[in-house]
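Here are my notes for you on this structure. Keep the 3D view open and go through the points one by one.

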Amino acid sequence: MEEMNINEMKELVLKYVVKEYIDDDDVKITYETPLISSGYVDSFSMVSLLVFLENRFKIKIPPSKATPEAFDSVNSIVALVNQYLKQ
Amino acid sequence: MSFPESIRSIYQSQLAEIHNAGIFKEERFIHSAQSADIEVEFPAGSDLKKVINMCANNYLGLSSHPEVIKAAHDGLESRGYGMSSVRFICGTQDIHRELENRVTDFLGTEDTILFPSCMDANAGVFEAILTSEDIMISDRLVHASIIDGMRLCSAQHDTFKHSSMEHLEEKLQLHADKRLKLVITDGVFSMDGDTAMLDRMVDLCDKYGAMLLVDDSHATGFIGKTGRGTHEYCGVFGKIDIITQLSVKLSEVPPAVVFQGERKLWICAGRRHVPTSSQTQLPR
């Protein structure tokens, strides 16, 4: 996998979240937008995001770490990914 | 006094939030049989009003049909009220089995299991037939009872955008490695009244080796040329793996899980199914 800086990772995750979960063009998602606690992303749909992250970044995130809190914003998602990239 | 203040204040606070959000539902008291014309007391304590009922699920008006009422009376006379045990202890009523067979014939499937409610059917069907090796892939607008059932199941879950067959196909590809894949949809979606594209879903499930579960609670009895439901309407009669449906729309037919496949297989699955194995059957 090519090297990515933090901002590139955030942009990649943001694009995936918007494509996968946001149907309303008027909804603007930022890196800080609460995704699950605001209802934009159903916690039932998190598995596809998990699979996307694991495949794209070649990491394995344990189910116990893939919590709604950890997946609640682009920032928190990228922070989680970074933990496992460093291992 | 039960509910000490320390506990009571928590619930009062939650209730206040619901009121402030404008979503508290005051109950209307109905003083007549359910039908197109009913008498209601609303708000509580007010005089009765005669109103036209525009919001019932009683689509065919059978809940107060004379033949249905007579059949219920006959059942009470011949069998009493209440089953006295779950069906696996004392036994299953012959008339319940007869009814299961008639539902099976009507819906064009291989067999049927009755449940006291479709909430129960949806709450239990997933945990009975899936394990953590499997995946449930549901339309994002399925009924709340399905969501509850999925929460009770150890299988993984994912969703696809409402009625997007392209997105469903992406998800079937994404989860191709799972042991069993179960696609889940309503037949007719209760909030918007639109219909699932079951013909295309059947094709996709065939292509990717997935099962298809349809909650046809808002279709059985009146959708399709002869009222069999959404599978008849979409031209896939006999091709749905599992149908759950609710009685009140049809009134004569109790809630049921209706399925293709060998009954013994499903009875085996049912032994892990709390609503089947631990709940007393419908009175009749």
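1. Let's start where the two chains meet: nine residues from chain B and seven residues from chain A take part in the contact. Two residues are in contact if their C-beta atoms, placed from the backbone, lie within 7 Å. Please keep in mind that this is a predicted model, in which local features need pLDDT of at least 70 and side-chain atom pairs count only at pLDDT 80 or more, while totals for chains, interfaces and linings use all residues. Residues are numbered from 1 along each chain as its sequence is written, and chains are lettered from A in the order in which they are written.

2. Now follow α6(B) to helix α7 (residues 198–208) of chain B: their axes come within 11 Å and cross at roughly 15 degrees. That makes α6(B) roughly parallel to α7(B) (angles under 35 degrees count as roughly parallel). Axes are lines fitted to C-alpha atoms, for helices over the stretch in contact, and angles run from 0 to 180 degrees between N-to-C directions.

3. Which residues bring these two helices together? M165(B), L168(B), E169(B) and L172(B) in α6(B) meet R200(B), L204(B) and Y208(B) in α7(B). This contact has five nonpolar, no polar and two charged residues.

4. Is E169(B) buried, exposed or partly exposed? E169(B) counts as partly exposed because it has 16 C-beta neighbours inside 10 Å (buried means 20 or more other C-beta atoms within 10 Å, exposed 12 or fewer, and partly exposed in between). E169(B) is 36 residues from C205(B) in sequence, with 8.9 Å between their C-alpha atoms.

5. Finally, look for the largest nonpolar core, which has 47 residues; helix α4 (residues 118–129) of chain B gives the most to this core, with eight residues. A nonpolar core is a set of buried Ala, Val, Leu, Ile, Met, Phe, Trp, Tyr and Cys residues joined through C-beta atoms within 7 Å. F126(B) is one of the residues with the most contacts inside this core.

Key: Helix = DSSP H or I, 4+ residues; strand = E, 2+ residues; numbered from the N terminus. Parallel < 35°, antiparallel > 145°, perpendicular 65-115°, else oblique. Nonpolar A, V, L, I, M, F, W, Y, C, P; charged D, E, K, R; others polar.
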